[in-house]
There are 2 protein chains.
Amino acid sequence: MKKKVAIVGAAQGKFGARGDASHRELAFEAVAGALKDAGIRLSDVDSMVTSVAADEFSFSLQPSAQMHDYLEFYPKANFRVEGACASGSMAIRVGWMTIASGLADVVLVLGAEKMTEVSTPQATEIMGKGGDAIWEYPFGMTFPGYYAMVARAHMATFGTTEEQLAMVAVKNHFYGSQNPLAHMQKEITLEQALKSFMVAYPLKLYDCSLITDGAAAVILASEERAGDFAKPPVWIEGIGTATDTMRISDRESIHTLKATVVAGKEAYRHAGIGPDEIDVATVHDCFTIAEICAYEDLGFCPKGEGGSFIEDRQTYIGGKIPVNVDGGLKSKGHPIGATGVSMAVEIVKQLRGECGTRQVPGAEVGLTHNVGGSGQVVGVTIYRKD
Amino acid sequence: MKKKVAIVGAAQGKFGARGDASHRELAFEAVAGALKDAGIRLSDVDSMVTSVAADEFSFSLQPSAQMHDYLEFYPKANFRVEGACASGSMAIRVGWMTIASGLADVVLVLGAEKMTEVSTPQATEIMGKGGDAIWEYPFGMTFPGYYAMVARAHMATFGTTEEQLAMVAVKNHFYGSQNPLAHMQKEITLEQALKSFMVAYPLKLYDCSLITDGAAAVILASEERAGDFAKPPVWIEGIGTATDTMRISDRESIHTLKATVVAGKEAYRHAGIGPDEIDVATVHDCFTIAEICAYEDLGFCPKGEGGSFIEDRQTYIGGKIPVNVDGGLKSKGHPIGATGVSMAVEIVKQLRGECGTRQVPGAEVGLTHNVGGSGQVVGVTIYRKD
């Protein structure tokens, strides 16, 4: 990538069942935090990109307008970018492009979703429409079912165990318990995870991420402006984006997310590094099996060894590569349009050394990995400390 | 704008009530046309951007994935860009940025919407959610009501008449009757328009655009590659994007779309020209009053004189500036996510001289104007012949 673009401000609001705040109020909370972090005012921002995943969660046809209205950002540019649960990373891609193309010097990227205004079964059904609207969803498929198939294929092919899946949940809850902005700040035991109720075999309650309200925001700046903010810049070094078939049944493999492999390679190529140089990562653990697949598909460990990788605690701090030490989608929560932006917030704070008890010591290079649907679109972004 | 980006392929499918084609099949039709127009294959395209406005029309949470799946575009990048009825222009903006930022050399921008799978009242209600989800839509506001208020304010302030509104419809049906891809290829008389049934005073049936199925696609290319295609490039010279408040009641003025004024000025500044240098324009005539406001807010005539501007036939071919000679949203149709892309297709074909009986003679510079909602987001784009 020829152009240098930095993140100069980053904040996440409190994730949770936020009956106290509307969709737009959640957005305001995150944006106010990011502006404060950057040491600027909203009037210093040139352009804005909004990530919201689902019209049906916001009861709206143009949720981005609600956001720029409530922030009073008008008349400057804002629109929505969507790639299902990878919307946030797509919005950061567009934010990067806005600056790298010369249209703006300072860009706000906001991700927000309010999911708890509908019931949990309704939310599951709305998200199910992220599958194929003709050949999957109408026949009853929802996301626990998709990822249950991924898990079964992984178990059958590589001998991955239900215990190993549960170990991902235990790790992410362990770190989530240390993140004051996480939805579910509690540790769980392996036994609790394994005994939790079955959602879609082999995935149990604790294998599933949370239905969450939340927002996150980052401020991007051009190389020329990156020194003008309160904190040192964190550079965007690589942006990989890839797609796959709509239907999981059309894929070459069910246990490998090809879009992760392709997007990862593109991001590594941009950054001129390999997976061994990543110090900290946030990956898309919408279900525990998805984190195990991500270890492999991003090259953190060989294909098929993701189960033993978590069993050996290689993704804890002190292991080969700490993953989701913010709690992940599993414990921090998964407000779908906010998730990708929130991942970037965590990596920025890790690279600045601001993460307290869950800080990865000496982290200089970080990666975010964000999946839309069952892998129809994936964004991988690599960040480097100044 | 420092970077030069061209449109090198453009096509629109047949607009109408397309019971013969699914959402994804409409998209395929447009993309196949654009590729043929450019003289390339889909494998020559590096990256893709999809404009779909409403989840509820596609019964889907990630409509863009349906598109790249059906086209077999994976594993290359694709995601969705949305700005209500201005989604298509926002997608072209993102396509432009993809090239200008150096991420790709050849980009496909697709816009598609299938609106007739729900009833007309349901479609009106879905679109109504493009207003404010808390303070407008729940109280019964839908778009004919918003634009009726704009019309009443315009009539009260400037003396604009119902006849002048109807003249916009007569013009657009006149040109739409000559466009084989238009939804409604029939001429109407002033009397027919004035006697059509009242939708929201003073807007009658023929003051309202159509609920349409359709798709359009353009191929963008970098300056380095722009000469490699079947036809001469049409250059994107200016891109203006602006926003306004969510609620029409919060605006400085009801009869002026401030976002049009701001986006227009930005586009003119980029292109280094003024409104007098535009040879042909497509403007967002979702209702006849919207076209009259656009004449004024884009500087084609002074504020308040839009009514007499159409009465004097200044926006017919041979007048000061021909507008919507493809039939406009009014007669060509308004498949909301496709509309902005379809406007670009028309301008490209006008600048190439391919428009037959409705060709604007000698057109060298064209403009598209695309409004989201009641003016919450507007995109203005200026194009120039090679």
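**Helix crossing, burial and the chain contact**

Tutor: In this predicted model, the axes of helix α7 (residues 162-176) and helix α10 (residues 288-297) of chain B come within 8 Å and cross at roughly 95°.

Student: Why are α7(B) and α10(B) called roughly perpendicular to each other?

Tutor: Angles of 65 to 115 degrees count as roughly perpendicular. The axes cross at roughly 95°, so α7(B) and α10(B) are roughly perpendicular to each other.

Student: Which residues of α7(B) and α10(B) make the contact?

Tutor: From α7(B) come Gln164(B), Leu165(B), Val168(B), Ala169(B), Lys171(B) and Asn172(B), and from α10(B) come Thr288(B), Ile289(B), Glu291(B), Ile292(B) and Tyr295(B). By class, 6 residues of this contact are nonpolar, 3 polar and 2 charged.

Student: How do you know that helix α3 (residues 63-71) of chain A is largely enclosed by the rest of the structure?

Tutor: Buried means under 20% relative accessible area. In α3(A), 8 of the 9 residues are buried, so the helix is largely enclosed. Among them are Pro63(A), Met67(A) and Leu71(A). Just after α3(A), Glu72(A) has a positive phi of about 60°.

Student: What covers the buried residues of α5(A)?

Tutor: Those buried residues are Ala123(A), Ile126(A), Met127(A) and Gly128(A). Their cover includes α2, α6 and α13 of chain A.

Student: What makes the link of Arg80(B) with Glu82(A) a salt bridge?

Tutor: A side-chain nitrogen of Arg must lie within 4 Å of a carboxyl oxygen of Glu. Here the closest N and O atoms are 2.9 Å apart, and the pair forms a salt bridge. The count between chain A and chain B is 6 salt bridges.

Notes: Residues numbered from 1 in each chain as written. Chains lettered and ligands numbered in written order. Predicted model: local features only at pLDDT ≥ 70, side-chain atom pairs only at ≥ 80, totals over all residues. Heavy atoms only, no water. Buried < 20%, exposed > 50% of the residue type's maximum accessible area, 1.4 Å probe, protein only. Helix = DSSP H or I, 4+ residues; strand = E, 2+ residues; numbered from the N terminus. Axes fitted to C-alpha atoms, helices over the stretch in contact; angles between N-to-C directions. Parallel < 35°, antiparallel > 145°, perpendicular 65-115°, else oblique. Contact = heavy atoms within 4.5 Å. Nonpolar A, V, L, I, M, F, W, Y, C, P; charged D, E, K, R; others polar.
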